[in-house]
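Colleague: Could you take me through how strands and aromatic contacts are read from a model such as this one?

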Amino acid sequence: MPADPNRPRPAAADLHHVIEVRGARENNLADVSLDLPKRRLTVFTGVSGSGKSSLVFGTIAAEAQRLINETYTAFVQSFMPSLGRPDVDALRNLSAAIIVDQERMGANSRSTVGTATDAYTMLRIVFSRLGTPHIGTSSAFSFNSAEGMCPRCEGIGQVSTIDVDQLVDRELSLAEGAVTVPNFAVGSWYWQVMTGSGFFPPDKKLKDYTEREWHDFLHKPATKVKAAALNTTYEGLVTKVQRLFLAKDRDALQPHIRAFVDRAVTFADCPACEGTRLSAAALSSTIDGVTIARCSAMQISDLAAFLRTVEGPSVAPLLANLRHLLDSLVEIGLGYLSLDRPAGTLSGGEAQRVKMVRHLGSSLSDVTYVFDEPTVGLHPHDIQRMNDLLLRLRDKGNTVLVVEHKPEVITIADHVVDLGPGAGTDGGRICYSGDVPGLRASGTLTGRHLGHRARLRETVRTPRGTLAIAGADRHNLRDVSVEIPLGVLTVVTGVAGSGKSSLIHGYVAGRDGVAVADQTPIRGSRRSNPATYTGLLGPIRTAFAKANGVKAALFSANSKGACPHCNGIGLVYTDLAMMAGVASVCEACEGRRFTPKVLTYKLRGKDISEVLAMSVAQARDFFPSGPARALLGRLAGVGLGYLRLGQPLNTLSGGERQRLKLAIHMTEKATTYVLDEPTTGLHMADVDQLLALLDRLVDDGNSVIVIEHHQAVMAHADWIVDLGPGAGHDGGQVVFTGTPAELVAKGETLTARHLREYVGQARPDEQVRPGG
C-alpha cells in the first residue's frame with residue numbers, strides 16, 4: 001500500500017524510539033545486538049550468570065553514566081568514580097541512567113533512614129520554626145553538628161565500655177605476650193613502641209604494676225618517645241584501641257578485628273541523651289508535646305499521621321513535601337521503619353526501596369531507570385505495590401529496565417529479553433526478545449517455567465525435637481514464644497517488616513551448632529576471589545608446587561609469584577590528577593597477575609592463571625580427586641558452577657555471596673543451617689535445584705531454617721512459621737505454625753491467601769491480583 005503523501009512525516013527527534021545495542025561483549029556476553037523500546041518497561045530474565053547484569057548494568061547503564069560524567073569539567077570529574085568504557089561496538093539513543101540497586105546504604109553510624117531520605121532534614125526545619133521553646137536554627141536539632149549533638153556521645157547515641165581483661169593477660173609480662181589485642185604481638189611495631197617507651201619494665205608481670213605504671217600502660221595520652229632508635233608517639237593501650245578500632249565503623253573493620261571488638265567492647269545507650277543522640281536543648285523543644293527524638297523513633301506510618309495534625313504557615317510547603325515523602329515510604333511498603341533506624345541495618349531490598357522513593361516525586365522524564373531485582377525481600381502481597389510503582393515510572397515517560405526472576409513482574413512487562421541458554425560461557429546470548437505472550441510460546445527455559453508451580457509435599461518429615469524460643473521481644477516482636485522443629489525444613493515467612501529476621505537472627509543465629517549464610521557483603525580487598533575466600537587456592541597451590549618441585553608461595557598473586565608491575569592485581573590503577581583515575585589491564589602480565597617465570601610451571605598442561613580463569617564446573621573436571629574436588633563439588637551443588645575461580649568478590653550478587661557462604665558452611669559440623677532468602681537472584685528453574693539442595697541438607701541429618709517469601713519454598717517446607725499480621729507494630733506475632741497443607745486448608749493470613757492461589761486452591765472470595 002503506497003504511503004499517504006499528505007500524512008506528515010515524523011520529526012527527526014521522534015525517530016529515536018529504541019536503545020540500539022550493537023556487539024556487546026562485556027564479561028560473558030557473546031557479541032550481543034538488540035533493540036530496546038524506550039519509554040517502556042523491559043524485564044531481563046535468564047538463569048544466574050546468564051549475562052543479565054553484564055548487559056543492563058555493565059553495558060547500558062555504565063555507558064550512560066560514563067557519557068554523563070564526560071559532560072563535566074575535568075576538575076569535577078576528579079571527584080567522580082572512574083568508569084571505563086564497556087566492551088561494545090556501539091550504543092545509540094541512550095538517555096541519562098539512574099541505577100536503583102541493592103547496595104547497602106552507607107554503614108556510617110551517623111547515617112539513618114531520616115538523613116538518607118532528607119526526611120530528618122525537613123523535620124529539623126519544622127522544629128526550628130514551630131518547636132517551643134524556640135532554641136535556634138535547624139542545626140540545633142542535628143546530631144551531626146556540634147550545636148545539636150549530645151556532648152557525651154558526640155551524636156552517636158551510644159557509649160562504649162572496654163573490658164581490660166579482654167585486652168591483656170595480667171599473669172604475663174609484655175615480653176611474654178601479655179597484650180592479646182590484634183596487631184600487638186611480640187615483636188610487632190606497636191609492641192616495640194610499648195616496650196621501648198620507658199614507662200614500665202617489659203619483663204614485669206602486669207599484675208605487679210604500680211598504680212602509675214598501670215595508668216601509663218592503659219590510659220596515657222599521646223606522648224613523644226624514642227623507641228627502637230626512632231622518634232615516635234606512645235599512647236596507652238586503651239587510648240590506642242579506642243583510636244584504632246572504636247573510632248571506625250564496626251562494619252568497616254576486618255573480620256578478626258570486628259570479632260575482637262565484639263568481645264572486648266560493650267556498647268550501651270548513652271546515659272546523657274538516652275540514645276537519642278541529641279543535646280538537652282534539642283530535647284527540650286516540642287511540637288504539641290512531642291520532641292523531635294520521639295518523632296524520629298515513631299514508625300513512619302505513625303509519624304505521617306502525626307504530621308497531618310501539625311500546621312504552620314511558615315513551613316506549609318515544606319510540611320506538604322515531608323508528608324508526601326513519608327506517605328511514599330508507606331506506599332512502597334516501608335511504613336514500618338523509623339527515621340532513626342541506622343541506614344547500615346537496612347537489607348538490600350529495603351535500601352533499594354528507600355532509594356526508589358527519591359525518584360517517585362521527581363519531575364524528570366525520559367530518564368532510564370535501572371532496577372536490580374526490586375522484589376527482593378518482598379512478600380507476594382507487597383509485589384503488586386512494587387509493580388504499580390514501576391508502571392508509574394514508565395507512564396511518566398521513562399524507560400524502565402528491570403533485572404528480575406519473579407513471574408509476577410515478568411508478566412507486567414511491555415518487553416522481555418531472555419538471556420542464556422545457560423550460565424557463564426554457556427550464556428551471554430539472546431534467547432528471546434519480545435512480548436510476554438511470545439515468551440510463553442518461545443520454548444525457552446524462562447518461557448517454559450513462567451507457569452511452573454511447585455507442589456505441596458505429599459508427606460512431611462517427622463521432627464527429631466524442637467528448638468524453643470521464649471519471650472522474644474527484639475525490635476517489634478511481641479513476647480513471642482515458638483518451637484521450631486529440628487531435623488526438618490522450616491520456612492519462616494510474613495510480610496516485609498513482620499519480624500522474621502528479628503526472630504531468627506536474634507534468637508537462633510547465635511546458638512551453638514548454628515551456621516548462618518546471609519547476603520551481607522564479604523569483606524575483602526580487590527584481590528579476594530572465590531578461590532581465596534573458600535580456601536580452594538590452598539590445595540591448588542599445593543598441587544602446582546608438588547607437580548613442579550617448587551614452593552607453593554609462588555602460586556599466590558598475593559605473595560612471591562605476583563607480577564611486580566601490578567602487585568598481582570592484574571590491573572594498574574592510574575591517577576590522572578585533575579581527571580578521573582583509570583583502571584587498565586597490566587601490560588607486563590596482560591592481566592594474568594603472575595610473573596612470566598611462574599607461568600612456565602604447568603599442572604596437566606595448564607598454568608596457574610589458566611586454572612584461576614576456569615569456572616567452578618570446568619575446574620571440577622580438571623581436579624578429578626582430592627580436597628579441591630570436594631570443595632568444587634559443594635560450590636557446584638549450591639548453583640555456582642558458572643563462577644570463575646579468580647572472579648573478584650565485589651562482582652558477586654547478594655544471592656551469589658549467600659550461596660558461596662553456604663558452600664563453606666557445609667564443611668563445618670553445623671547441625672542447623674539458617675538461610676535468609678536463598679532464592680534471591682535465582683531463576684525459576686534454579687529454584688528447583690535449591691529445593692533439592694535443602695532436601696539434601698535435611699536428609700543428611702541437619703535442620704534447615706529458611707527466611708523466605710517464594711511460594712515454591714513455602715510449598716516444599718515441612719513446617720511453616722508465619723509472622724504478622726502486618727509490618728512494624730502491626731506485626732511481631734506468630735500468626736500460624738503448622739504444615740503448608742494446613743496453612744492452605746485453614747490459614748487466614750496473607751501468606752495463606754497467596755499460597756492457596758499459588759497451588760491452585762484459592763477460594764472464590766480470594767481473587768488475588770497478580771502479585772498482590
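The dialogue below turns to one strand and then to the aromatic rings.

Modeller: Bear in mind that this is a predicted model, in which local features need pLDDT of at least 70 and side-chain atom pairs count only at pLDDT 80 or more, while totals for chains, interfaces and linings use all residues. Residues are numbered from 1 along each chain as its sequence is written, and side-chain values use heavy atoms, with hydrogens and water left out.

Colleague: How many residues of strand β14 are buried?

Modeller: Buried means under 20% relative accessible area, exposed over 50% and partly exposed in between, with a 1.4 Å probe and protein chains only; strands are DSSP runs of E with at least two residues, numbered from the N terminus. In β14, residues 415–420, six of the six residues are buried, so the strand is largely enclosed by the rest of the structure.

Colleague: Which residues lie on each side of β14?

Modeller: In a regular strand the side chains alternate between the two faces of the sheet. Here H415, V417 and L419 are on one side of β14, V416, D418 and G420 are on the other, and all of them are buried.

Colleague: Which strands pair with β14, and in what sense?

Modeller: Two strands pair if DSSP finds at least two bridges between them. Strand β3 (residues 41–45) pairs with β14 in the parallel sense over four bridges, with F44 having V417 as its bridge partner. Strand β15 (residues 429–434) runs antiparallel to β14 and is joined to it by five bridges, and there V416 stands opposite G434.

Colleague: How many aromatic pairs are found in the whole structure, and why is the pair of F200 and Y209 classed as it is?

Modeller: Rings of Phe, Tyr and Trp (its six-membered ring) pair if their centres lie within 6.5 Å, and planes under 30 degrees apart count as stacked, over 60 as edge-to-face and the rest as tilted. A search of the whole structure finds 14 aromatic pairs. The rings of F200 and Y209 have centres 5.7 Å apart and planes at 20 degrees, so this pair is stacked. By contrast, F622 and F623 have ring centres 5.1 Å apart and planes at 85 degrees, so they are edge-to-face. F200 is buried at 4% relative accessibility, as is Y209 at 9%. Ring pairs also link F199, F200, Y209, W214, F217 and Y234 into a cluster.

Colleague: Which charged residue sits over the ring of F622?

Modeller: A charge sits over a ring if NZ of Lys or CZ of Arg is within 6 Å of the ring centre and within 35 degrees of the ring normal. The charged end of R604 sits over the ring of F622, at 4.6 Å from its centre, and F622 itself is buried at 11% relative accessibility. Elsewhere, R277 lies over the face of F143, 4.8 Å from the ring centre.
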